[in-house]
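User: I'd like to go through this one with you. Can we start with the terms?

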Amino acid sequence: MPLELAAFIRTTLPLDLSGLPALDGGRYHSLWMPDHLVSFWPDSIWTPEFTDLAHASPSPHRHLDALTLAGAVAARTTRTRLATSVLDTVRRHPVMLAQSALTLSHLSDGRFILGLGAGERENLAPYGFDDHRTVSRFAEALRLIRLLWDTDGPTDFTGQFFTLEHARLDAELHHTGPPPIWLGANGPRMLRLVGELGDGWWPTGSAGPQTYAVQLAHIREAAERAGRDPQAITPAKMVVCLVGEPDELSEILRRPLVKSLVLQLTADALAATGHRHPMGEHWRGIQDIDPRVLTRDRLVRLFEEVDPDAILSVVPHGTPKQVARQIAEFGEAGARVVSVLDYSGRAGQGYAAESARKVREVEDALLQITGSTS
């Protein structure tokens, strides 16, 4: 079935917004801005010993604030939706999230999508944020944001995590309505919340098309139970892939930062393809990454244990046309919007220089295969 494309905008230094006019030309459904304080790549391997990318940037953690950057993108574009990928409800209070999203909705003339998630350890634990009960906090924050947008005048609210007493958010909604909320969700409780309260689903992770279809079915069942139209929720997918010819991929998979991709994959996903995760059978992927505790010695051992075939078993890979065909399977599983994230650029500066071209070729092939238009 036809698919729409989403693109990412880098939120790290050096900042470069010169490509926004091309991104705003109609090719993309939406432009997504990651929200991080810390990257997935530990300092212990961001050194010239492991990658020449360390010569290009002194740190992998040079992140800028996604909400501030979204304001700049809103002012420099007129056509394409813009979104956060994704803000969490631990570091930002829901009242401030509600106000910021409303502000960006007006700045963008109704084009802003509030991408929300429960939070990831690497952005919480180093800064003293409470990383316990994040899903329960998220559920309450989501309902509170909706309440603030739906209420005229003072609001009272008493929950487990948040309390409002005669609180006001009187700035009216943009004439197009409240900002859509797309949820980054994978677990059962989060998927249920997508069905109950979300306008879109924006999952990352290593789930393949079959798992995606099952998860989407759970979302739609939850929507029906909540009295909502399941088809009104936009299913999307961020697809991490490795693009290259066979010999090129063999070399790419030898590079430490690419091997570290296994940290973003869940033990369950690898087990489903008959592989053991080197971090143990309970590893939850992105949610469990804490770069502070991943020492050089631990990662060197990890790289020795990583089976490249295990990564390839769950990550779309191959030539642009081959990757496009694999991503198209998510469309068959129900996705309407997809983003292509080529991880081969983490193999080094030479590969990074070619990554944008590879992604474009994958996108072009994907549009052709699915009968979509840019």
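Analyst: Buried means under 20% relative accessible area, exposed over 50%, and partly exposed in between (1.4 Å probe, protein chains only). This is a predicted model, where local features need pLDDT of at least 70 and side-chain atom pairs count only at pLDDT 80 or more, while totals for chains, interfaces and linings use all residues. Residues are numbered from 1 along each chain as its sequence is written, and side-chain values use heavy atoms, with hydrogens and water left out.

User: How many aromatic pairs are there?

Analyst: There are 10 aromatic pairs in the structure. Rings of Phe, Tyr and Trp (its six-membered ring) pair if their centres lie within 6.5 Å; planes under 30 degrees apart count as stacked, over 60 as edge-to-face and the rest as tilted.

User: F161 and F162, stacked or tilted?

Analyst: Tilted, because the planes are at 50°, with the ring centres 6.5 Å apart.

User: Is F161 buried or partly exposed?

Analyst: F161 is partly exposed, at a relative accessible area of 22%. F162 has 5% relative accessibility, so F162 counts as buried.

User: And what about W201 and Y212?

Analyst: That pair is stacked, because the planes are at 25°; the ring centres are 4.5 Å apart. Both W201 and Y212 are buried.

User: Which rings form a cluster?

Analyst: Ring pairs connect F8, W32, W182 and W202 into a cluster.

User: Switching topic: what lies over the face of W41?

Analyst: R346 does, at 4.1 Å from the ring centre. A charge sits over a ring if NZ of Lys or CZ of Arg is within 6 Å of the ring centre and within 35 degrees of the ring normal.
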